[in-house]
Structure formats: C-alpha cells, structure tokens
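Welcome, and please open your viewer. We will go through a few selections together, one stop at a time.

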Amino acid sequence: MNLDAVIFIISAIVAVLGASMMIFQRNPVMAVLSFMVSLLAQAVLYIQLDALFLGAVLIIVYAGAVLVLFLFVIMLLNLRTTKELGPSSSLMRHLGKYFLSFLLIMEFVFIIKSSFFKGASLVGVMNMKPEGFGTVTSVATLLFTKYLYPFELTSILILVAIVGAVVMARKDKNIDRPTENKLGKN
Amino acid sequence: MISISSYVIVAAVLFGIGTLGVLISRNIIILFMSLELMLNAASLAIIAFSRELNVIDGHVFVFLILAVAAAEAAVGLAMVITLFRNKETLNIDRFNLMKW
Amino acid sequence: MDLTSASINFSIIYPEISLLIAAALILVSVFHKSANRIAPYIALIGIVVSIAMIFKQWGHQESGFFGMITCDSFGVTFKLIFDVTALLSLLIAHRYMISKGINRPEFYALLLISTMGMMVMANTTDLIVIFLGLEIMSVPLYVMAGFAKRSLWSSEAGIKYFIMGAFASSFLLMGIAFIYGASSTTDLRRIVADFHFIMSNSPAYMLTGMALILVGFGFKIGAVPFHSWVPDVYEGAPTPVTAFFSVGPKAAGIAALLRIFIFGFANVMMLSTVFWVLAVLTMSVGNILALKQNNIKRLLAYSSIAHAGYILVALTVGGNDAISAAIFYLVAYIMFNLGAFAVVTLMETRSGCKSDFSELVGLAKVHPYLAAVLTLFMFALAGFPPTAGFFGKFYIFSAAIKSGYIWLAVIGMLNSFLSVYYYLRVVKTSYFDSSDKSFIPVKYSLSIIIVLVITVIGTLGIGLFPQQFLNWSQSALFAFL
C-alpha cells in the first residue's frame, strides 16, 4: 500500500467519523469541533485531488470563518448542554429515518460502483491533466472570464445575506420579550 | 493511486450523514451544521469529478458554493438568534405552534 | 449555434439591474429618517422601470456573458411574470406592514432582490447559474417569512422555510454534481447537443442527477411527497409575504423545471411517468387536505399545492403546447391568487383579526362589493367559466388529451370538481352564515384598491379574451441561442 492510499483511508475515515460524531453530539460546542475535524480531513481529500487552492480556502473560510460564526452564536446564546437537546435516545422512534438515510447512501454507492467511469472518455480534453490544475491562477482565470456572471451573482447573494442577517438579528427599540398578548397570529 | 470513485463514495456517505442529521437532530444549530455538511459533500463530489474529467470548472463551482454556504449560515444563525430571544430554546420539537 | 457568446452586453440584464439599483437605493436610504415612507415608492419606481426595460427586450433574443445568460422569449416572459408578481405583492404589503408595525425599508429591498433572483433563474441554461439564482431568490424569502420578529408564528415559519429550503438546495446541488460528473459541463445546451452520447455513456449518473434535481425543485414548488412545510410556512408568514411566495418562487421553480426537463432532458421517456405520478399525487393530496381546513391561509396553501399539481400536468405532457398552457395558467393563477390574498390581507389589517373562517361571517352585508370580488376569485380558483381559471385548466387538460394522457386529464378534472366544495365554502361563509359577533368594517387603502382592480380585470379579461392571451403565451418559447 502506498502513501497516497494510506492518507486517503485515514482522512476518509476521519471525515466520516467527525461528521457522525457531529450529528450525535449533545453538546453544540463539541459538535462544532467534530465538524471542524471532519472539514480538515475533507481539505486533505481536496488536496489529494489536486484542488490545492480550494483545500486552503476550505480551511480558511469554512473552518476559520463559518464555524467560528457557529461557535460565536453558541457562546452568544449561552447555551448550556441540556438533556433535551441532541438526538433523542430512542432508536426505535427514528428507525425509519436511519433506514432512509442508509438507503440513500447505499443507493449512491451502488450507482457509483456500477457506472464508474465510462463518462471519462467523453470529451476530447479528458485524458491529459492540464498544466497548473487547481492552482490559484487556473481557478482565477476561469472565475474572471467564463464564470464572471455567477461570480457577480455571489456578491449579490452575500449582500442580501448581510442585509437579512442584520434585519433578523437586530434588536428593535421598545421591543422586549414577547408577552402573552403579543403572541397573536400576525 | 486511489480510484476517483472512492472519493465520490466518501462524498455520498457524508451526504447521507448530513441527511440523517437533518432528520434526527433536535438541536437547531446541529441541524444547520448538517445542512452545511450536505453542501460540503456535494462540493467534494464536484471536486472529485473535476479531477477525473480534468476540467477545472468544478473548482469554480465549489468556490461559488462556499459563498452560498456562508450566506446561508449567516442568515440561518441570525434567525436562530431571533427565535431564541422569543422562545428561549433551540429544541426543534418545541417549534410546534403549527403542526409541522 | 453559438454556445459561448462572450459578449458582455449589459442590455440583456437591464431589468435585473434596475431592480438591483432600486434595492441599493433603498438600502442606502435606510439611514434617513423618512426611509419608511419613501422605500415603497423607490421599489415601485424600480419595478416600473424594470417592466419598461422588459418591453424593450421583447422580441430580441440574445445570449451573453460567456453563455451564462440566455435571454430568449421564454425567459423574458417569465421576467414580466415575476415583475408583475412583485408589483402586486408590494402594493398588497404596504398597508399591512404599517398596520402590523413591521414596516421596515429593508423589506422592500429584499422583495426586489428576491425578484431579481427569480429572473436570473429563468434566464439561463447553466445549472450553476440556476442554483445561484435559486439561492438569491430564497435567502431573502427566508428573512421575509420571519419578518414579523415579535410573532412566534412568523419566526417559526421563517426557520421552517429555511430548513426546508436549504435541504432542497443541497439535493439540487448534489444532482448538479452528478450531471456534471456525467457530462463534464453544466450548460444545458451542451448537454442537449451531446445528449445521446452522454446517456449511453453514463445513464446511471444522469438519471440520479435528474432525480435529485427533481427532489430539490419538488420541495421548492411544494409538490406532494415534499409538501409538508407548505401549510405551516404559509400560515405563519405575514400575509403579503405568503401572497408573494405562493406565486413568485412557484413560477420560478416551474420556469427552471421547464427549462431543465422540457428543454434539457426532453428525450428521457421515464421522466413523463415520474411527472405523471407527481402530478396526480400533488393534485389529489392538495385538494383532499384542503377540504377540512378552517384557516383561510392554510386553505390557500393547500390550494396552491393543488394548483402546482395542475401545472405539473403540463410538465408531464411536454412540448410547445404544454409550455404555453403552463405559462397561461401561471399568469391566470397569479391574477386570481394574488387577488384572493389581497382580500385576506384586507381582512387581517383590521385590528386583532386572524385569518380564520369565522372572520368572514357577515362580509357580504357590510361590504357587498368586496364579497363579490372574493366570490369571483374563488370561482376562478375553482375553475368556473368565464374566469381565467377555467381557460387555464382547459388549455392544460386539452394539451394532455391531445398527447394521449386521457386518464391524467380525467383525474385533473375530477380534482377540480372536488375543489369546488372548499372554495364555495368560503363564499357560503361570507354570504349566508351568521353569528352574534358583528363584522368589523375594513378600511380600504388606495394600494389595495389598485391591486383588486388589476386582479379583477386580469381574471375576467383573460377569461373573456383567452385566444389573444394564448397567442401571447405561445410566443414564449425556448430559443436555441
């Protein structure tokens, strides 16, 4: 077994384990940390797939910014680990859901196993890996030429997300906790 | 060299775990992270396909998806804050004013 | 066929840009004291300018931005549909937001940007751009659903809409990933060009991708196995917002579905069977569950599920006839559905009123005209002639029969007979029921009157001159740019 395979197996296992630990945690802080471990393993997979730039971006943006935002909110709300949070202990109640997810995974695995990878001979450019695959230059060139329009669209998306987040999270003046008479349907 | 299909299978498993997380988790923050995980799984699949096809377009998609995920997280967490101010709980089972 | 027209030609996105500029102006004006008052007018001007730009685009078909935008007559028609929806929702919303004390200028900016996202969705053949347009449409909608922050109902609706929307987006994205893996592109035109080759090479990937995309859009338009969020979100959200997302995102989802499945994957036989099942389930479940509702907003929610089912009939049939029938139906549906929501909003602006059936009692005695208008909309929703609703259903079902889907048309017609029951219940309550509680009169405002006039003219006008209107909708076809 060569080094590539070892790295793949280790990071795949870590990614899957981290993700599963995340969904079964009761403590939200622990869940965020598990997700972060899973993300780091995913970044290793990205780099193995020659996506050097995106591997770095995944760590910087996702683990560095988005998950910190999650942590920040958890701290802000001062969440204690209560018993009522986390998945309910009764396996029986969720048996159908577990089964559904298992079925989904099995279906994907079956499809991937059965039809990999006839599509590879599809277009002429297939077989050669282009020079500088996955570097900042190659991604940026495409991003600012062919994908200029989607790129500008993301700027609008982020603008609207900022506006939405401010609207939702801002505390309006003269409004405090809802009392009974404020509970009326709008 | 590991075959690309193994990477896609990892992505599929992550997607399934994310789906399970959305279905079973009762803490809304963990639920949001499961949603993010599903987007991540799709990104991983795109990266793997991109490597197999040797077309770099997939990397651009993942870059855009990262922006989408960040935007969703920001809005979702802001909504959680509002809801928490009103209800003082993050348990999804308590959001039952209307039958789900 | 020019696939990668690289021209950066801004004239093909003028309608989007004018909405965006108006939204930006509103966001800048937030810091001004009178922002609350001027924001709706800025939004109104933005939408009107955008409509004017759309009329300038009429008949021009162009592709640009490296093939990321396809501005064909199909897309331009949908742009007009979205703009009209936004205009009517804005007019419905204005008075309501003031009376509930949630009139914030940001609301109008979010409405405009959401409309812009719909336009992006309808005017592209690239799956990634469709995905981004969907997100630009949805993110403001999540916020708008939870806009009444003090109301627990509203914030709950917002969070539920968010969870379902993000869940659906993930499925859609996974589907796009599989399509990309099979065909090495996300541009539907390239996929169409090489369709047989791709399908013979990796059929399993293509079919999985299509199934996942269908699940994603099924959630978005509220088709039946994925509909459970619809009534809750419709009930909880502020009523004008409910009006907006009972038609806007639905029309956008239908536009994307038509583009992807009728234009892109037209040659997959299995798809029409899937759509057949979806259409039958959506129509039947929507109508049956609507029978026992006691809240008007919940009733309209289930009715909107059922109407999505009628449009899915057009998707099953496919072909140019069905596309024009679907567009015809959508426009008609926008008219009478927004009209019905305008009446419900008007009822709710009275202080302390909910949207239960009991609030309607006595309406006909106090406001005979309003009751007559409500009756007209209910008749149109149920599909009586000579309203727009009748001809909408007529064209869809006749397209189905022409293509040999006799049973589908029969089930559809049985469903619309069933729906007559609950729509007439609304009419009966407002005319014939009596209670000891006296009816609190409603206060009209100019904006609501304008909405009612437009929607009544639309509902009757389309119903009386269906042929002219059908000719218009038949010109809205895909272009192979």
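Predicted model: local features only at pLDDT ≥ 70, side-chain atom pairs only at ≥ 80, totals over all residues.

Residues are numbered from 1 along each chain as its sequence is written, while chains are lettered from A and ligands numbered from 1 in the order in which they are written.

**Stop 1: chain B**

Select chain B and colour by secondary structure. You will find three helices and zero strands, in the order α-α-α along the sequence. Helices here are DSSP runs of H or I with at least four residues, strands are runs of E with at least two, and both are numbered from the N terminus.

Now zoom out. Along the principal axes, the C-alpha atoms of chain B fill a box of roughly 50 × 25 × 20 Å. The radius of gyration of chain B is 17 Å, whereas a compact globule of 100 residues would be near 13 Å. That radius is taken over C-alpha atoms, and the globule rule is 2.2 Å times the number of residues to the power 0.38.

What share of the 100 residues in chain B is buried? The buried residues make up 75%, where buried requires 20 or more other C-beta atoms, placed from the backbone, within 10 Å of the residue's own.

**Stop 2: α2 and α4 of chain C**

Switch to chain C and select residues 35-57, helix α2, and residues 105-122, helix α4; their axes come within 8 Å and cross at roughly 15°. The axes are lines fitted to C-alpha atoms over the stretch in contact, with angles from 0 to 180 degrees between N-to-C directions. The two helices α2(C) and α4(C) are therefore roughly parallel, a word used for angles under 35 degrees.

Show the side chains of A35(C), N36(C), A39(C), P40(C), A43(C) and G46(C) in α2(C), which meet P105(C), Y108(C), L111(C) and L112(C) in α4(C). Contact requires C-beta atoms, placed from the backbone, within 7 Å. The contact residues of this pair divide into eight nonpolar, two polar and no charged.

**Stop 3: α14 and α20 of chain C**

Finally, select residues 319-348, helix α14 of chain C, and residues 466-474, helix α20 of chain C; these axes come within 8 Å and cross at roughly 120°. So α14(C) and α20(C) are oblique to each other. Look for S324(C), I327(C) and F328(C) in α14(C) meeting F469(C), L470(C), S473(C) and Q474(C) in α20(C).

Terms used. Parallel < 35°, antiparallel > 145°, perpendicular 65-115°, else oblique. Contact = placed C-beta atoms within 7 Å. Buried ≥ 20, exposed ≤ 12 C-beta atoms within 10 Å, placed from the backbone. Nonpolar A, V, L, I, M, F, W, Y, C, P; charged D, E, K, R; others polar.
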